[in-house]
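Open the model in your viewer and keep the sequence panel beside it. The tour goes from the whole chain to single residues.

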Amino acid sequence: MSTDIKHETWSSRWVFILAATGSAVGLGNIWRFPYVTGENGGGAFVLVYLLCVLLVGLPVMICEVMLGKHGRASPINAMKNLAIGAKLSEKWGLVGLLGIVAGFLILSFYSVIAGWSLAYTFYFVTGTMETIGPQSAEVFFNRLTESASAMLVWHSIFLVVTCYMVGRGLKRGLEMTVKSLMPILFLMLFGLVCYSAVVGNFGDALVYLFRPNFSALTGESILIALGQAFFSLSLGMGSLMIYGAYLPKQTPIIRTSAMIGIADTLVALSAGLAIFPIVFAYGLEAGQGPGLVFVTLTVAFGAMPFGQILGTLFFVLLSIAAWTSAISLLEPIVAWMLEGGRLTRVKATLIGGAGAWLLGVFSLLSFNIWGDITIFSKNFFEISEFLSTSIMLPLGGLLIVLFSGWRLKSDTALEWLGIEAKEWKLRAKVLILLVKVVAPLGVAAVLVNSSGLDRIGLKVFSLIF
Ligand code: PHE
């Protein structure tokens, strides 16, 4: 495969920060983080989550961006070139392949959930959701997921727009998208938090999110926090690697990664501060699971003054967040096809988009017609989600830190990061410790737990002894 093709670069480091933050901020922050926090008891979980971001997420992110910036190609070719350059096996390219497959799978079901968000935007705009009560909100959500045709429409719209954004190229597509949508996203979120602070039960939400209650914390929830940090920061699958490949040469990687990590975390916390005050003010249940946004919050919007406008704003916000992530899921595979030298960007985008669309159709059918078709009691949607987020992301992340920490020479890696041997002594040591030891152990723990290997291991153990 030829990798002679030269990719474009971002107009500036700030655009990269915006794009990478756009990738990180998505359904994971606004839909998943609040409900996972709710299910795991609030404050203590948030604290553990912050530690996971700092000790594991950031080191992985730094490595991933660094590899992209120096490989200057799609994850497959970047890893291959770097490995060859370091006199290692070209098989390291498989890490990139793993990432590309994961991104493709994630995009397929991500688009289905983002489609719900589009559907809800439409329902709010058209006034269907006015004065919706708890029971009807549940019925309403079920009616959407039981209708294959409705989901198909929204899933298709979401992907067509995603392809349009990616198909236009780096500057006219991805850059334009994040430059115009990210400021709107931040403004809307800020507005919603302010509104919640005034109208909702802000005090209770603050206590809930920030007062640690360690009795609610289990070993399992620590691993959930780590998995959530991984997904939320877009790690382990090459999105940040390909975005890093488009970086201008002089960008400081560590500081830039830290900004992305902080922005992503602030958005997740703000989403909690927008949602929980309303949930508490209306006496609703915080730990209700995936329906938190689509059912619980909708009930509150139905009951509150200006609920229709706020509901619309909220679901537009969620859809924008999903789009700026979806483009980063599609870009690695498109970049890789471009490097083959035979396809134009538009064709590569269409092929990638069509594949994700088809897999997405299988996923959406598993909410209704194909609901009973299961393997190991998981339907197609659950299998895609499990394989990509619980196995492939942590595995990709693990290989990325192992490559950077153990296969590359420390001096080379530090030089790539722009760290001068003298001036950074202590910080370099801390970073090396995190990349070589802490991050791999943390990610390996998630992998073992989420793949079920630990349970299998325990069974074998108990059979033998
Ligand atoms: N980080 C995105 C979110 O929080 C999801 C994502 C994962 C995007 C991996 C790109 C790569 O929703």
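A residue counts as buried when its relative accessible area is under 20%. By that cut-off, 57% of the 465 residues of the protein chain are buried. Bear in mind throughout that this is a predicted model.

**Whole chain**

Show the protein chain as a cartoon: there are 19 helices and zero strands. Switch to the C-alpha trace, which spans about 65 × 55 × 50 Å along its principal axes. Does the radius of gyration agree or disagree with that of a compact globule? It agrees, because a compact globule with 465 residues would have a value near 23 Å and the protein chain has 22 Å. Among contacts between residues at least 6 apart in sequence, 82% join residues at least 24 apart.

**The nonpolar core**

Hide the surface and select Trp-10, Leu-67, Tyr-120 and Phe-314. These residues touch the most other members of the largest nonpolar core, which has 163 residues. Helix H14 (residues 307-339) gives the most to this core, contributing 18 residues.

Now centre on Tyr-120. Apart from neighbours within four places in sequence, its contacts are Met-129, Phe-140, Phe-141, Leu-144, Phe-294, Thr-298 and Phe-315.

**Helix H4**

Select residues 75-85, which form helix H4. Which residues of this helix are buried? They are Pro-75, Ile-76, Asn-77, Ala-78, Met-79, Leu-82 and Ala-83.

**Lys-179**

Finish at Lys-179, in helix H8 (residues 170-199). Is Lys-179 buried, exposed or partly exposed? Its relative accessible area is 43%, so Lys-179 is partly exposed. Leaving out neighbours within four places in sequence, Lys-179 is in contact with Val-15 and Leu-18. Select Trp-14 as well: Lys-179 and Trp-14 are 165 residues apart along the chain, yet their C-alpha atoms are separated by 9.9 Å.

Note on methods: Residues numbered from 1 in each chain as written. Predicted model: local features only at pLDDT ≥ 70, side-chain atom pairs only at ≥ 80, totals over all residues. Heavy atoms only, no water. Helix = DSSP H or I, 4+ residues; strand = E, 2+ residues; numbered from the N terminus. Rg over C-alpha atoms; globule rule 2.2 N^0.38 Å. Buried < 20%, exposed > 50% of the residue type's maximum accessible area, 1.4 Å probe, protein only. Contact = heavy atoms within 4.5 Å. Core = buried A, V, L, I, M, F, W, Y, C linked by side-chain atoms within 4.5 Å.
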